[in-house]
Amino acid sequence: MPSSAPRSATSSAGRRAPGRRPAARAGRGADVSFVIITGLSGAGKSTAIRVFEDLGFFCVDNLPPALLPKFADLVVHSGGKVRRVALVIDIRGGEFFDELFEALAEVSRLGLRYDILFLDASDDVLVRRFKETRRKHPLAQAGSVLEGIRAERRRLEAVKERAHKIIDTSALTGKELREEIVSTYLRDRRQDRALEVSVVSFGYKYGVPLDADLVFDVRFLPNPHYQPALRPLPGRDRRVRAYVLGQPQTREFLTRLFAFTDFLLPQFLAEGKTHLTIGIGCTGGRHRSVVLGDELARHLRARGCRVHVRHRDLRRDERAGEDGA
């Protein structure tokens, strides 16, 4: 179980399921960042734990859930020496993994606030990754990687439901995964009461993002693809933006979208949710969804939200294009 000595950093956390996250009681564990990394095999947990290590977190890989309360107790009583912790807990623990929820209840009783980071990816991407690395899936029967993935997905359903943040790594590079983790966990704790929003533009022909909490379909808008002068341009080009935003349907949609999010986001925050992923999709993820994603992000920032933008499918046709904001 590799580990690293703590380094100077500040952090916090992302998403939660209603009623699941324990309130931090005043005491020794209140200011500890305690992140539990889990998810599908092949979805990037090894990369994630290295990122946390680089950020100065004390890291432990493949900790059995039964040891989680004892480890948490050591952290709480470390006299402030350990303030940032990231643990990988997954099905490699075998039958012990089923003890996770009981162990988390013990952690809550210690007054330690924890965050569950769940890494996911589509089945076809996971199969390809296992074939490329020639690794055996831990639940594969008779050599069937796909059956192992499906069995693991079923087994992790309850854990995913309780995750505070879900990251779909299907289309992410290692650099992009690092940026997503940094934007979520390396921030000032004084910002904890502000809602963090990830806006993801995407193309429906490449699939809906697995980590989206809300999805808006903008394929009804006039498509710049059918304008010869605009077709080769990305959605962030001023000419594409002028075309999309100049449509009366777009203006009406944005008015309704802004009103809807202005109502909905405070409700999520009041429920205790601190991270929300909003997907905006068009056919190819290159024009309309990019423009609308940037507009939504601009609106939410003006409302005081921390916003991270990722244009997931823009690079599929424009290798040199930007992929975030």
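**Figure 1. Ile-181, a buried residue of helix H7 in the predicted model**. Ile-181 belongs to helix H7, which covers residues 174–185. In this predicted model, Ile-181 has a relative accessible area of 0% and is therefore buried. Apart from neighbours within four places in sequence, the residues in contact with Ile-181 are Ala-48, Val-51, Phe-52, Leu-55, Ile-167 and Leu-186. One of these, Leu-55, is 126 residues away along the chain, yet the C-alpha atoms of Ile-181 and Leu-55 are separated by 9.8 Å.

**Figure 2. Lys-45 in helix H1**. Helix H1 spans residues 45–54, and Lys-45 has its place there. The relative accessibility of Lys-45 is 9%, so the residue counts as buried. When neighbours within four places in sequence are left aside, Lys-45 is in contact with Ile-37, Thr-38, Gly-39 and Leu-40, and also with Val-88, Asp-90 and Leu-119.

**Figure 3. Asn-62 in the loop between strand E2 and helix H2**. Strand E2 comprises residues 58–61, and Asn-62 is found in the loop between this strand and H2. The phi angle of Asn-62 is near 60 degrees, a positive value in a residue other than glycine. With a relative accessible area of 28%, Asn-62 is partly exposed.

**Figure 4. The packing of helices H2 and H3**. Helix H2 is formed by residues 68–76 and helix H3 by residues 100–109. The crossing of the two helices, H2 and H3, is right-handed. On the H2 side, Leu-68, Pro-69 and Ala-72 take part; in H3 they meet Leu-100, Ala-103, Leu-104, Glu-106 and Val-107.

**Figure 5. Asp-98 in the loop between strand E3 and helix H3**. Strand E3 is made up of residues 84–88, and Asp-98 lies in the loop between E3 and H3. Asp-98 is exposed, its relative accessible area being 55%. Pro-65 is 33 residues from Asp-98 along the chain, and the C-alpha atoms of the two residues are separated by 8.1 Å.

**Figure 6. Helix H10 and the elements that cover its buried residues**. Helix H10 has 15 residues, numbered 288–302. From its first C-alpha to its last, H10 reaches 22 Å, close to the 21 Å expected at 1.5 Å a residue. Of the 15 residues of H10, 12 are buried, so the helix is largely enclosed by the rest of the structure. The buried residues include Arg-288, Asp-294, Glu-295 and His-299, as well as Val-290, Val-291, Leu-292, Leu-296 and Leu-300. Their cover includes helices H8 (238–245) and H9 (248–270), together with strands E6 (196–203), E8 (275–282) and E9 (306–311). H10 is followed by Gly-304, which has a positive phi near 95 degrees.

Figure 7. Of its 325 residues, 54% are buried. Among contacts between residues at least 6 apart in sequence, 81% join residues at least 24 apart. The accessible surface of the chain comes to about 14900 Å², and carbon and sulfur atoms account for 52% of that surface.

Notes. Residues numbered from 1 in each chain as written. Predicted model: local features only at pLDDT ≥ 70, side-chain atom pairs only at ≥ 80, totals over all residues. Heavy atoms only, no water. Helix = DSSP H or I, 4+ residues; strand = E, 2+ residues; numbered from the N terminus. Expected span 1.5 Å × (residues − 1). Buried < 20%, exposed > 50% of the residue type's maximum accessible area, 1.4 Å probe, protein only. Contact = heavy atoms within 4.5 Å. Areas by Shrake-Rupley, 256 points an atom, 1.4 Å probe, with all protein chains shown as cover. Axes fitted to C-alpha atoms, helices over the stretch in contact; angles between N-to-C directions. Left-handed = near helix turned anticlockwise from the far one by under 90°.
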